[in-house]
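Subject: Structure handover

Hello,

I am passing on the structure below, followed by notes on what was found in it. Please read the notes with the structure open.

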Amino acid sequence: MVNTRLVVVTGAGGVGKTTISAAVGIRAAKMGWRTLVVTVDPARRLADALGTQLGPKPSIDPNEPNLGAAMIDAAGSWRIVAQRHADPEVADRLIANEFFVAATSQFPASQSYAAADEAAGFVQSGEWDLVVVDTPPSAGGIEFFTAPAQMTDLVGGRLLRFLTGSRLPGRNFFFRAAARPALRIADSILGAHLLERVAQFLMDLRTTYDGVAARAQTIERLFATATILVVATSDAGPMGEAARFLEHLPSVAGEPTAVVFNRSLPEEWIGVASPTDTDPTLAANLDSWSTESERQRDLRTAFLRHHRVDTISIPLLGTPPTGLTSLSAMIPDHLMATMNIDDRPSKAQH
Ligand SMILES: Nc1ncnc2c1ncn2[C@@H]1O[C@H](COP(=O)(O)OP(=O)(O)OP(=O)(O)O)[C@@H](O)[C@H]1O
Ligand SMILES: [Mg+2]
């Protein structure tokens, strides 16, 4: 029984997912949770804040012993996925096969699957109380949750079954009679050698099926109990994506815990009148900030009218938060409370 909790931070591109993942992780670590933040492609300064050794293996922050960080590298993660689910010899062959390289970079859900597979490994390791996963930019974050099923379908799908037979092929594998004519044509056009490599790739990929299918089920079980933060800004685009996520919530996920409106302008700025003797440029400036704050508030109000979900605003900060202190300070206490992350006595440190 794994007691590690999983927080998934999702949302449109550029809204602050990586920043908020790091910030939530830092807050939780300070509250005594052994926390791992799994980021995807963090900006340089944020990566530095999480540790200069940031790589696929968790590294511990020298200033915060409860905080670990790892960075998903989609290409590297695929190597780990192959090694996890295939025999060592097969994994080596897969990694070296150009079709594997092409399939893993072209398959739309590939980055999401690799991130989810890695996150599941960290959750199951039992080394952490909390794993916070930053999701790769994708269509409103939905893809992250559908990736395991898509991946199972890819390696166990009909095409592959048709070509490699319904049972796991042995080394002396022969294509099924039905597939042979098509393959013979391809053979004459592409050459036997190429076809052999395609066949080898398909057979090798097929052997990962049991492992991938079991892993996908584990991931989906984790999704069902995960805390989900949907990050947006108070702008039509990201808000629309958050709405799509709520409306087309993948069945494998539980209800999102909260929608976070990041980089919000304060509502106190609405209607602020400038003194009569104010410099006209400054007055115009104040006026436009007031209008913008009002526009944002109206969008949030309209969003709330349609969606019954907790929402939390995080203000736009003058300086983008990149250090442990500023990241920690950007997360309001009630966001941690909404996620049920409260002070706990620190367990054995790393
Ligand atoms: N509350 C905030 N105030 C000011 N700047 C912020 C705030 N939150 C995030 N930022 C800045 O916004 C930019 C985008 O943030 P971030 O990289 O976390 O977004 P993302 O959703 O992970 O993007 P991507 O989809 O590209 O991965 C960064 O420069 C970050 O420092
Ligand atoms: Mg990011």
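Arg-263 is not a glycine, yet has a positive phi of about 55 degrees. This comes from a predicted model, as does everything below. Arg-263 lies in strand β7. Is Arg-263 buried or exposed? Arg-263 has 21 other C-beta atoms within 10 Å, and the cut-off for buried is 20 or more, so Arg-263 is buried.

Asn-340 also has a positive phi without being a glycine, in this case near 65 degrees. Asn-340 sits in the segment after α15 (333-338). Asn-340 counts as exposed because it has 9 C-beta neighbours inside 10 Å, where exposed means 12 or fewer. As background, most residues other than glycine have a negative phi.

**Overall picture and confidence**

The chain contains 15 helices and eight strands. Of its 350 residues, 40% are buried. If contacts are counted between residues at least 6 apart in sequence, 78% of them join residues at least 24 apart.

The average pLDDT of the chain is 84, and 84% of the residues score at least 70. Where is confidence lowest, and where is it highest? The lowest is in helix α8 (residues 158-164), with a mean of 61, and the highest is in β7, at 97. Residues 168-174 have a pLDDT below 50, and this stretch has six contacts in the model beyond near neighbours in sequence.

**The ligand**

Ligand 1 is surrounded by 16 residues. The closest are Gly-16, Lys-17, Thr-18, Thr-19 and Pro-320. Which elements each supply at least two residues of the shell? They are α1 (17-30) and β7 (258-264). α1 gives the most, with three residues. By class, the shell around ligand 1 has eight nonpolar, six polar and two charged residues.

**Two helix pairs**

Two packed helices are described by the angle between their axes and the distance between the axes.

For helix α12 (residues 236-247) and helix α13 (residues 280-306), the angle is about 10 degrees and the axes are 11 Å apart. Angles under 35 degrees count as roughly parallel, and α12 and α13 are therefore roughly parallel to each other. On the α12 side the contact involves Ala-236, Met-239 and Ala-243, which meet Leu-299, Phe-303 and His-306 in α13. The contact of α12 with α13 has five nonpolar residues, one polar residue and no charged ones.

For helix α6 (residues 110-124) and helix α11 (residues 209-225), the angle is about 75 degrees and the axes are 10 Å apart. The range from 65 to 115 degrees counts as roughly perpendicular, so this is how α6 and α11 lie to each other. Ala-116, Asp-117, Ala-120 and Val-123 in α6 meet Arg-215, Thr-218, Ile-219 and Leu-222 in α11. The classes in the contact of α6 with α11 are five nonpolar, one polar and two charged residues.

Ala-69 is in strand β4 (residues 64-72). Ala-69 counts as buried because it has 28 C-beta neighbours inside 10 Å. Leaving aside neighbours within four places in sequence, Ala-69 is in contact with Val-37, Thr-39, Leu-50, Gly-51, Leu-54, Pro-58, Ser-59 and Asp-61. One of these, Thr-39, is 30 residues from Ala-69 along the chain, and their C-alpha atoms are separated by 7.5 Å.

Ala-96 is in helix α4 (residues 88-96). With 9 C-beta neighbours inside 10 Å, Ala-96 counts as exposed. The C-alpha atoms of Ala-96 and Arg-79 are separated by 9.9 Å, and the two residues are 17 apart along the chain.

Pro-332 is in the loop between α14 (324-330) and α15. How many other C-beta atoms lie within 10 Å of Pro-332? There are 15, so Pro-332 is partly exposed. Pro-332 and Arg-27 are 305 residues apart along the chain, while their C-alpha atoms are separated by 9.7 Å.

Regards

Definitions and conventions:
Residues are numbered from 1 along each chain as its sequence is written. Chains are lettered from A and ligands numbered from 1 in the order in which they are written. This is a predicted model: local features need pLDDT of at least 70, side-chain atom pairs count only at pLDDT 80 or more; totals for chains, interfaces and linings use all residues. A residue is near a molecule or strand if its C-beta atom, placed from the backbone, lies within 6 Å of it. Helices (H or I, at least four residues) and strands (E, at least two) are DSSP runs, numbered from the N terminus. Ala, Val, Leu, Ile, Met, Phe, Trp, Tyr, Cys and Pro count as nonpolar, Asp, Glu, Lys and Arg as charged, and the others, Gly among them, as polar. Axes are lines fitted to C-alpha atoms, for helices over the stretch in contact, and angles run from 0 to 180 degrees between N-to-C directions. Angles under 35 degrees count as roughly parallel, over 145 as roughly antiparallel, 65 to 115 as roughly perpendicular and the rest as oblique. Two residues are in contact if their C-beta atoms, placed from the backbone, lie within 7 Å. pLDDT is the predictor's confidence in each residue, from 0 to 100.
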